[in-house]
Each structure stands twice: as structure tokens, then as C-alpha cells.
Amino acid sequence: MKVDFGGAGDILFEQVGRAGLVTLSRPTSLNAINHGMVSALARALSAWEADRAVERVIIRGEGRAFSAGGDILDVYRAGLEGKASPDFFADEYRLNAAIARFPKPYIALIDGIVMGGGVGVSFHGSHRVMTENAIFAMPEVGIGFFPDVGGSHLLSRLPGELGMYLALTGSRIRRGDACAAGLATHSVDAENLPALTEALCETDDVDGTLSVFSGEAESELNEAIIHAIARHFSFGSLAEILESLSGDQDEWARETLATIKKRSPTSLCVAFRQVRAGAMLEMDECMKMEFRILNRMLTGHDFYEGIRAVLVEKGSTPRWQPETLSEVSEERINAYFAPLPDGELSL
């Protein structure tokens, strides 16, 4: 039975058996999350939480991606016109927090790319299923932004400093490494997703059903790289991480350092601090911290410059301000985390 919670066809809702079934339906845009989709999913979760006939929620993507992120081009255009508004992000962050506290099983079936805003509507749920096609990344530092949508909570809790590595490099990982780190809870082959979805809509045992369909997935990061990540990214400052990488003549360390040096210096400093801080905060506190950062990003330079270079004039080189890490002062970074004069994010 189809249900209308809005979203203008970009997100579809059905009630099937015991489940509320959500389909992200913007395949030509790789299911990028827009404001209408955020609002519609929030309404659906509120209704389904109170509906005793809906015992679980299943979310999936249409086409070759789960969701490649948030639809930020509208934000970019508004910022160029001096009309940047945090409203989209405020509602998105509220949704992320609502998913994290949702009292019923929330099952994300992740087949294809999942980044940014797509991570926010999937990885805070109780069950995260990844296929062989799934690719996880939080690449925001590459566009002068920061790993938001609860990244401070999610990444800070990954073992072996994997979260800090992902935050500072924007690197991609697949299901084997995601399962090993606890990002994904189950590994299911893509060809079995239709049967799994049907079973999840009817079963009285979600965990048992997922176990039947789930199999092992091999990690792609070898033991040497896993140990290198834990060693290099464990330091108490960004400068020490970079110094550690620069002192290692291993090819992986050189390539990792080169990748980081291409990122926005401001974003790197912000991301380092938010991940370290997030380890000590609950989800709601993380979202309030991220909203503070977001408001400052919207009035800065690098976010718009990164979008221009990466998404608008694809392939061009961004011109960050400041250009180097040595030019980013501690006072400047402190300002991103300072309380908002007009009030904090309400959840």
C-alpha cells in the first residue's frame, strides 16, 4: 500500500506487511537528498513510530546508488547570492538524530554509493546492510566542508582510528572493511536483496532473517595498512598526524599525505577537532556541534570554492583560503565551535 508523506516523487513510501518501506527515487541524481525528501522522511518516521502496524522501517535506493550525498547545489547558488540559509541542514540534522533514536528496527539496504547525506539517512539506524556494490565515503573535506550528518558521532567510534583516516582523506571503503569496523552490520549479495526485502516485510524475526541472508565479506585493507592507520592517525593533533606520515617512506603513507594536502586546510582542522570531540558526545550533542560548524561554513569561502571546483566546474583546482595549514589559526578554528548567538539547533 502506497503512502503519501510528500517528497514530490523523489522519495516513495509504502506499507508492506509489517514494514514501512522507503525508496530514494532520484536515480539520475544518484538519489541525492534534497529538502523535500528530508521533510517527507521525517513525517514518515513520526507517523510510523506511532503506528503499531508498522514494526520496522526499511530504506533503499533506486538505481545504481543508495545516495551519493546531499543536494547542495541549491545551497551553493543561494550562498553566491548572499542568501545562504541553514534551514535545510537544520532539518537534515534533526532527521539524522531522529533516526538514531528511532525505537523500531531501521534497516538500510545499501547497494552502490553511499556518501554524505546518504550516510545520514542510513548509518544511524539499527541495521546497515551492504552489498558488494556498496562504497562508503565521507569526502566533505575535499569540497571545503566537513563530515556532517552525524559524522562526528559515527566516525569517532570506529576502531583503530579508521574514522579519523576517513574524515581527513575522504577515502572510500567497501563492505568488508565496513563490516570489520562495525559500520555495516550485515553483508548481503545484491542479487539477494529483493528476496531479503520481501522476507523483512513479513518476518517476526528481523535479526534471524538478516543472519540467514548474510555472509562473510573480505576486507580490502590489508593488515599493514590497518596498523599504519592506527599508528599515524592516533596523535593528539593534526600536525602530529602529518608529521608522522611525512616521516614514513612507505608508498601508502606518501600517497595518503599527498591526498590530505589537497584538501581544504580549514576543513582538515575542523574535521580533526570534530571527530576527536565527537567521541565524548552523545548523538544529539554531536548534531548541535555540527550545526554550529555548519553556520560558520555557510559564511566562509572554502565551501563555495570546493563546490565550484569539484561539482560545478568539474576537475578544476580549488583555491583554498587560507592556502596552507600553517595559516589556519587556532582562534579561527575555535570560532567554528563557538555557541551560536541566535540559539542552538533544537532537536
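Is G163 buried or exposed? In this predicted model, G163 counts as buried because its relative accessibility is 0%.

Let us stay with this glycine for a moment. G163 belongs to helix α6, which covers residues 162-169. Setting aside neighbours within four places in sequence, G163 is in contact with L155 and L158. Q15 lies 148 residues away from G163 along the chain, and the C-alpha atoms of these two residues are separated by 35 Å.

Next comes an aspartate. D302 sits in helix α15 (residues 302-312). D302 is buried and yet has no salt bridge. The nearest side chain of opposite charge belongs to R332, 6.1 Å away.

| Side chain | Partner side chain | Polar contact |
|---|---|---|
| D302 | S264 | 2.7 Å |
| D302 | H301 | 2.9 Å |

If residues up to four places away in sequence are not counted, D302 touches I143, G144, S264, T266, W320 and Q321.

Finally, have a look at helix α3, which runs over residues 87-101. With 1.5 Å a residue, its 15 residues should span 21 Å, and this agrees with the model because the end C-alpha atoms are 21 Å apart.

How values were computed. Residues numbered from 1 in each chain as written. Predicted model: local features only at pLDDT ≥ 70, side-chain atom pairs only at ≥ 80, totals over all residues. Heavy atoms only, no water. Helix = DSSP H or I, 4+ residues; strand = E, 2+ residues; numbered from the N terminus. Buried < 20%, exposed > 50% of the residue type's maximum accessible area, 1.4 Å probe, protein only. Contact = heavy atoms within 4.5 Å. Lys, Arg positive; Asp, Glu negative; His and termini not counted. Salt bridge = Lys/Arg side-chain N within 4 Å of Asp/Glu carboxyl O. Polar contact = N/O pair within 3.5 Å; in protein donor to acceptor, adjacent residues only side chain to side chain. Expected span 1.5 Å × (residues − 1).
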